[in-house]
Amino acid sequence: MNKSIAEETIFVVSKRLEIYEFLSFAFLNTPSEDILNSLRKNAEFFKELCPVNTDFLYEKSTDDFVQEYYDRFFVPTSKLFVPSHESSIRNRKIKKGKTIYGKIDSNETFHVKACYEMVDFKIRELNGFSPLKDNHYPDHVAFELAFMAYMVKLELSALKCGDEENSVKWKKLQNDFLDEHLSKWIGDYAELTEEKGNGMYSYLSCISAAWTVMDLEHLNEEFIKDREVI
């Protein structure tokens, strides 16, 4: 890889890392002024991913968003609650017009856990809200986004060391995980979340779903280019 291509690649991967780190952090932690300011500061970019009205970011207080965080993720009886696990969303069924969510701890859960273990990704080491990390089910949206950030970070480290073989390995693992897991359900999760009511987490889910599609397309294009070079 020549120097200019290497620098451009490092720049692109750095930006991808920033986005995955922000999205995973926003799901892993209760809302804060820092998270809100990042959403407001990058509103134009996020608008391209999720073109919705974001006045709520200025009209509601941080306490309102903290309540939404609990309602979305910790209170099954809340009208805003949607199970935030891959297994629940992918295995849901409609019975008599009502959505019946799939069980947690299904085949998807086990495979996600195996993916984490294969590359030594540990949920307990994440910078996140302890009650969420204590959840233990690995296919939560926050953990899957954090896993993508983990792999992109290792790809970036390999690129900076000039280790092309390892950078390609990490890129392929990202592509596989997006293709087999995150892209298979986050769009549906975003729609279900929005159906329950608009707010910070329907917005973040919408952004994450669109970003996942865009990033998977980007990785696929990268592999096509790599094959053309070979």
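L39 touches F22, F46, L57, M200, Y203, L204 and I207, where contact means heavy atoms within 4.5 Å and residues up to four places away in sequence are not counted. The model is a predicted one, in which local features need pLDDT of at least 70, side-chain atom pairs count only at pLDDT 80 or more, and totals for chains, interfaces and linings use all residues. Residues are numbered from 1 along each chain as its sequence is written, and side-chain values use heavy atoms, with hydrogens and water left out.

L39 also belongs to the largest nonpolar core, which has 62 residues. Such a core is a set of buried Ala, Val, Leu, Ile, Met, Phe, Trp, Tyr and Cys residues joined through side-chain atoms within 4.5 Å. Buried means under 20% relative accessible area, exposed means over 50%, and partly exposed lies in between (1.4 Å probe, protein chains only). L39, M200 and L204 have the most contacts inside this core. Helix α9 gives the most to the core, with 12 residues. In soluble globular proteins, nonpolar side chains tend to be buried together.

Helix α9 covers residues 141-160. Helices (H or I, at least four residues) and strands (E, at least two) are DSSP runs, numbered from the N terminus. The 20 residues of α9 should span 28 Å at 1.5 Å a residue, the expected span being 1.5 Å times one less than the number of residues. The end C-alpha atoms of α9 are 29 Å apart, which agrees. This helix is mostly covered, as 15 of its 20 residues are buried. G162 follows α9 and has a positive phi, near 75 degrees.

Y150 lies in α9. Its relative accessible area is 26%, so Y150 is partly exposed. Leaving aside neighbours within four places in sequence, Y150 is in contact with V119, D120 and F121. Y20, by contrast, lies in helix α1 (residues 3-28). Y20 is buried, with a relative accessible area of 0%. Residues up to four places away aside, Y20 touches L145, M148, A149, V152, L178, W211 and D215. Y20 and F147 are 127 residues apart along the chain, yet their C-alpha atoms are separated by 8.9 Å.

Helix α7 (residues 107-118) was examined next. At 1.5 Å a residue, its 12 residues should span 16 Å, and its end C-alpha atoms are 16 Å apart, which agrees. Within α7, E108, T109, V112, C115 and Y116 are buried. Seen down the helix axis, the buried residues of α7 fall within an arc of 125 degrees, so they line one face. The arc is that of the directions from the helix axis to the C-beta atoms. An α-helix has 3.6 residues a turn, so residues three or four places apart point the same way. On the other side of α7, N107, E117 and M118 are exposed.

The buried residues of α7 pack against α6 (86-90), α9 and α10 (164-196). Helices α7 and α10 pack at an angle of about 170 degrees, with their axes 12 Å apart. Axes are lines fitted to C-alpha atoms, for helices over the stretch in contact, and angles run from 0 to 180 degrees between N-to-C directions. The two helices, α7 and α10, are therefore roughly antiparallel to each other (angles over 145 degrees count as such). At this contact, E108, H111, V112, C115, Y116 and M118 in α7 meet L173, F177, E180 and H181 in α10.

D120 follows α7 and lies in the loop between α7 and α8 (130-133). Phi of D120 is near 65 degrees, a positive value in a residue other than glycine. K96 likewise is not a glycine and has a positive phi, of about 55 degrees. K96 is found in the loop between β1 (93-95) and β2 (98-100). At 89% relative accessibility, K96 counts as exposed. S32 is found in the loop between α1 and α2 (33-41). S32 counts as partly exposed, at 24% relative accessibility. S32 and V66 are 34 residues apart in sequence and 8.2 Å apart in space, C-alpha to C-alpha.

Notes
Parallel < 35°, antiparallel > 145°, perpendicular 65-115°, else oblique.
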